[in-house]
Amino acid sequence: MVVRLCVLLCVLVQPVLAAQTINVGIYQNEPKLFVNAQGRPDGFFVDLLGSIAKEEGWTLNYFPCEWHTCLDRLEQGKIDLLPDVAYSDKRAHRFLFGREVVLSSWSVVYVRKDTSIPSLKELDGKSLAVVKDSIQFEAIKEKLQRLGVSPVFHEVNSFKDVFRLVKIGWVDAGLVNTYFGRRYAPDYDLKKTSILVRPALLNFAAAPGRQVILEGIDRHLAAYKKDKQSVYYQLIDHWFSPLDSTQHLPVWVKWALIIGMVVALALAGIALLFHFLIQRKTSELNDKARHLEHLANHDPLTSLPNRKLFFDRLRQSLKRAEREETLIAVLYLDLDQFKQINDSFGHAIGDEVLKEIAQRLKKVIRDEDTIARLGGDEFAVVMESLKEAEGTMHCVQRLNAAFKEPVIVGEAQFVLSASIGISLYPQNGTDAHTLLRNADTAMFKAKEAGRGTFQFYVEEMTRYAVERARMEADLREAVEQGKLELHYQPQICLRDGHVVGFESLLRWHHPELGGLAPDQFIALAEDSGLILPLGEWVLRTACRQMSQWHSEGKTPGVVAVNISACQLGDYSLLDVVRTVLRETGCRPEWLELELTESSVMARTQQAVSVMNELRELGVQLAVDDFGTGYSSLAYLRQLPIAKLKIDSSFIKDVSQNEDDAAIVRAVIALGKTLNLQVIAEGVETQEQEELLRAEGCDVVQGYYYGRAMPAAEAGEFLRQEQYHSTKAVVSESEGLS
């Protein structure tokens, strides 16, 4: 009787299920499951489920969603079925799993090709991108905890986001499954490591109460697996086998290849040994002669040609140029602010930096050109056989590219640039000494232009030197006589729209040149030593203004004052801040000092010492222009900072550029991980504001809210904002009553 009843139920259920419409969740996990470029469901699981649905007579409706959103919808019954779900005991309490395992998947850690992370222990202190709520994340986190390894996890929505963050260098490594990694690692120029995470068993999962769907799927899967010609194995070959074809070589072929390689290597080694024994005596004599010649003509630190060899080669080039009627370019390079590295870290570290820079420069010049170290942090390049002066631009671009990546020595990393001066034969001189002297003059003009730039020599450069001296005198007079002005740009809380602070921005109205922004005279102030009194004036003026606003009953929040690298490197900064706070009546909690990311990293130990003492005073600290430098996340944890300020260059195209959006999301996530407030500057559109609000940014500033304005206008702006806020509160209270 029981058997007959079961048969009857199966007969009744089958037609109902056959006519059923099944809502299926789909997320991006190529090649197993994804929405393709035409907007249609695609992948191994889609084809497999389509074959089963065709036989069962099901209608499939696909609903795209993010991974963790798909899981929530499945648990809530908003979708009936979700393919490609790894089994875990925790998930088995949320929804149902099929009996038949569809696939098993290992997970692998991928890195950039210039990075090496050979083991799990090497992940300690490094950043690792993972997919939020994934089995891979849970597995590697458990394994790392057992080993006592603590990386910084960055949780994202998809494997593509993982690879994108690794590619742009925002994280050190990323964890994806083997299918996705082998298929897309070449597109992102990444390589896999030897770090594997245990395989996950991939099944179909169904919402509670949808067991009958899984039973139908299990029945077909069991039948497919028994037939080697079934659609199941055809789909595996279609979606995965091309990537694994090398794994199907017979074992005896692999052993034959290995033995053949060993024999070939042994024979080659014997041949090389005989060759070495024959040539050794001759080579020793030749090596000694070359070594003596090298010492006489090369720099002992960098092994580049020295000044003597440089002039010899330049004279030879001049003779060829005169005979062949071609041009010669002499480039004079000077590393910007290299003295600060020697002063802060010592000459031993400075020498290591010079050796690394020398090797980079040597790699980027042409084979026929000469690069030499003239002394200190100065280098020179001879370019010959030029047809026109514009040919030097290619060399300048390659030389600047050598400074793109930071120089890492031990635990310290340095972001450097070079100022380049260029003189041409025969226009700027016909002998070696004149050409080098004029290139040196042009190099100093390049430094005045803001460092990291280049200048061609012109005879009028003596006039520029006079103008620079005049500009310096005018700036000194402006500082001493108070002819400078501070403007204030409001900072807005995204949560309630209220003003929470102002950033103070320096302005100089030159009597002849008109209004000048800081980037037009700050470098001059640093070179001339005016930056310290100028910085003190800015700090005192901003603090005095804060005290005045508070005395008027206004609540401006905090005032942010920018601190230059030179100020941060001066231990008197602590005494200056204490004195200014005392004399102006400004409370420490009203003041925020903004330090650029590059200035903090350039003076690691000294910067931390000064920042700790400032924080003990009660002054807030923020890292400005975050994302443009090369901060170590492990080092960032040690800094006594309260805020991260995202550089405006990332905000400008954040609503159109996926890389900028990924960086902004990562900075905001990093801020929350480290319990730091995140500020975005340069906000100019509603789209930018909406994206930042959605990602959880705390504070914004930019033209969308208000330009930088004089103190009187800023005070009126604050008064109006507080008036409307008070009026809104009163209206709300009256409405409630």
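These are my notebook entries on one predicted model.

**Entry: the chain as a whole**

I began with the protein chain. I counted 27 helices and 28 strands in it. I then looked up its extent. Along the principal axes, the C-alpha trace spans about 110 × 100 × 45 Å. The chain has 737 residues, and 48% of them are buried. Residues 24 or more positions apart account for 71% of them.

**Entry: confidence**

The mean pLDDT of the protein chain is 85. I noted that 90% of the residues reach 70 or more. Over residues 1-18, the pLDDT is below 50. Beyond near neighbours in sequence, that stretch has 9 contacts in the model. Residues 242-248 also have a pLDDT below 50. For residues 242-248 I wrote down 8 contacts beyond near neighbours in sequence.

**Entry: a sheet of five strands**

Next I picked out an open sheet. In what order do its 5 strands lie? I read the order as β13-β14-β12-β17-β18, and the pairing is mixed. At the edges I found β13 (370-375) and β18 (454-456), each pairing on one side only. Neighbouring strands are turned by 20 degrees against each other on average, direction ignored.

I looked at one pair in detail. Strand β17 covers residues 418-425. With β18, strand β17 pairs in the parallel sense over 3 bridges. There I found G421 opposite Q455 of β18.

**Entry: helices on the sheet**

Which strands does helix α11 touch? Helix α11, residues 307-324, packs on the sheet and touches β12 (327-335), β13, β14 (378-386) and β17. I noted that its direction makes about 20 degrees with that of β14.

Then I turned to helix α15, residues 432-448. Helix α15 lies across β12, β13, β14, β17 and β18. Against β17 it runs at about 145 degrees.

**Entry: D334**

D334 sits in strand β12. Is D334 buried or exposed? Its relative accessibility is 8%, so D334 counts as buried. I listed its contacts, leaving out residues up to four places away in sequence. D334 touches D377, E378, S417, A418, S419, M443 and K447.

**Entry: cysteines**

Last, I went through some cysteines. A disulfide is a covalent bond between the sulfur atoms of two cysteines. How many disulfides does the structure hold? I found 1. The disulfide joins C65 to C70, with 1.8 Å from S to S. The torsion about this S-S bond is about 100 degrees, so the disulfide is right-handed. Both C65 and C70 are buried.

C493 has a relative accessible area of 10%, so I marked C493 as buried. I marked C395 as buried too, because its relative accessible area is 0%.

Note on methods: Residues are numbered from 1 along each chain as its sequence is written. This is a predicted model: local features need pLDDT of at least 70, side-chain atom pairs count only at pLDDT 80 or more; totals for chains, interfaces and linings use all residues. Side-chain values use heavy atoms; hydrogens and water are left out. Two strands pair if DSSP finds at least two bridges between them. Helices (H or I, at least four residues) and strands (E, at least two) are DSSP runs, numbered from the N terminus. Axes are lines fitted to C-alpha atoms, for helices over the stretch in contact, and angles run from 0 to 180 degrees between N-to-C directions. Contact means heavy atoms within 4.5 Å. A disulfide is a pair of cysteine sulfur atoms within 2.5 Å. Buried means under 20% relative accessible area, exposed over 50%, partly exposed in between (1.4 Å probe, protein chains only). pLDDT is the predictor's confidence in each residue, from 0 to 100.
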